Amino acid sequence: MEKKLVYTGKTKNVYALDNGNYLLLFKDDCTGKDGVFDPGENSVGLTIDGVGDVNLRMSIFFFEKINAAGIKTHFVSADLENTTMEVRPATVFGKGLEVICRYKAVGSFYRRYSDYIEEGADLPAYVEMTFKNDEKGDPLVTEEGLVDLGVMTHEQYKDICDETRRITAIVAEELKKKDIDLYDIKFEFGYDKDGSVMLIDEIASGNMRAYKNGEYIDPMTLSKLFFA
């Protein structure tokens, strides 16, 4: 099948296929700084052999579970030998939107709201959305803001929240089988030509904050424990 490079990303390249789908090539490049892996960084800081492979393996595992649950995603198939994933076309919301689901009050949530909650306190699958904008620090945006700015409809917002909670529950259940506790996770959504919401991008350890026996697990260790 013919493929044409359309986008070179920090950790993935995107190719257009002649069947109308796209091909994601998972790379071993990682975001970080001064040679230290950090999923929160905005530039490539190092290369770790095999990280593309393990991120693809985790994405395949969860996309198949999510598709089986009847939740719409862009996942079609994957080729582990070439570290690629074929996906359906999707339009991103605005210039890119991140959707976070939180089970615990940690990280930026706790920093914002520490006057009102203890660190590590339980949260009821709290969903929040931020615009992907490094220069502006990925600003939070409300439902009314998203609708008034023309980024999405109220119905799409509700669908994203509902699906985010369902997907997070699936991920948390699988991690729990390894005695790992999910604290929060970050997703990306898009929509098809009919406006239907679908989960896009990847589901990898770098997008999760997880703990085991009360101790934080870095993304590389999380991947190893998950597939142990």
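Trainee: Let's start with D122, which strand is it in?
Mentor: D122 lies in strand β11, which covers residues 122-131, and please keep in mind throughout our chat that this is a predicted model.

Trainee: Is D122 buried or exposed?
Mentor: D122 counts as exposed, because its relative accessibility is 59% and the label applies to values over 50%.

Trainee: And what does D122 touch, if we skip its neighbours in sequence?
Mentor: Leaving out residues up to four places away in sequence, D122 touches Y103 and K104.

Trainee: OK, now I66. Where does that one sit?
Mentor: You will find I66 in helix α1, which is made of residues 51-68.

Trainee: Buried or exposed?
Mentor: I66 counts as buried, because its relative accessibility is 0% and anything under 20% is given that label.

Trainee: So which residues does I66 touch?
Mentor: Once residues up to four places away in sequence are set aside, I66 touches I71, T73, I167, I170, L199 and I203.

Trainee: How far apart are I66 and E143?
Mentor: I66 and E143 are 77 residues apart along the chain, and their C-alpha atoms are separated by 25 Å.

Trainee: Let's zoom out. How many helices and strands are there in the chain?
Mentor: The chain has 5 helices and 16 strands.

Trainee: What radius of gyration does the chain have, and what would a compact globule have?
Mentor: A compact globule with 228 residues would have a radius of gyration near 17 Å, and the chain agrees with that because its own value is 17 Å. As for its extent, the C-alpha trace spans about 55 × 45 × 35 Å along the principal axes.

Trainee: How much of the chain is buried?
Mentor: Buried residues make up 44% of the 228 residues.

Trainee: What share of the contacts is between residues 24 or more positions apart?
Mentor: Among contacts with a separation of 6 or more, residues 24 or more positions apart account for 52%.

Trainee: What about charges, how many positive and negative side chains are there?
Mentor: There are 28 positive and 41 negative side chains in the chain, and the centres of these two sets lie 1 Å apart.

Trainee: Switching topic, how many disulfides are there?
Mentor: The count comes to 0 disulfides. C101 is in no disulfide, and the nearest cysteine sulfur to it, that of C161, is 9.1 Å away, whereas a disulfide would need the two sulfur atoms within 2.5 Å.

Trainee: Are those cysteines, C101 and C161, buried or exposed?
Mentor: C101 counts as buried because its relative accessibility is 1%, and C161 counts as buried because its value is 7%.

Trainee: Last topic, backbone angles. What is phi of D201?
Mentor: Phi of D201 is near 70°, which is a positive value in a residue other than glycine. D201 lies in the loop between β14, residues 197-200, and β15, residues 208-212.

Trainee: And N213, where is it and what is its phi?
Mentor: N213 is in the loop between β15 and β16, the latter being residues 215-217. Phi of N213 is near 55°, a positive value in a residue other than glycine, and N213 counts as exposed because its relative accessibility is 70%.

Notes. Residues are numbered from 1 along each chain as its sequence is written. This is a predicted model: local features need pLDDT of at least 70, side-chain atom pairs count only at pLDDT 80 or more; totals for chains, interfaces and linings use all residues. Side-chain values use heavy atoms; hydrogens and water are left out. Helices (H or I, at least four residues) and strands (E, at least two) are DSSP runs, numbered from the N terminus. The radius of gyration is taken over C-alpha atoms; the globule rule is 2.2 Å times the number of residues to the power 0.38. Buried means under 20% relative accessible area, exposed over 50%, partly exposed in between (1.4 Å probe, protein chains only). Contact means heavy atoms within 4.5 Å. Lys and Arg count as positive and Asp and Glu as negative; His and the chain ends are not counted. The place of a charge is taken as NZ of Lys, CZ of Arg, CG of Asp or CD of Glu.
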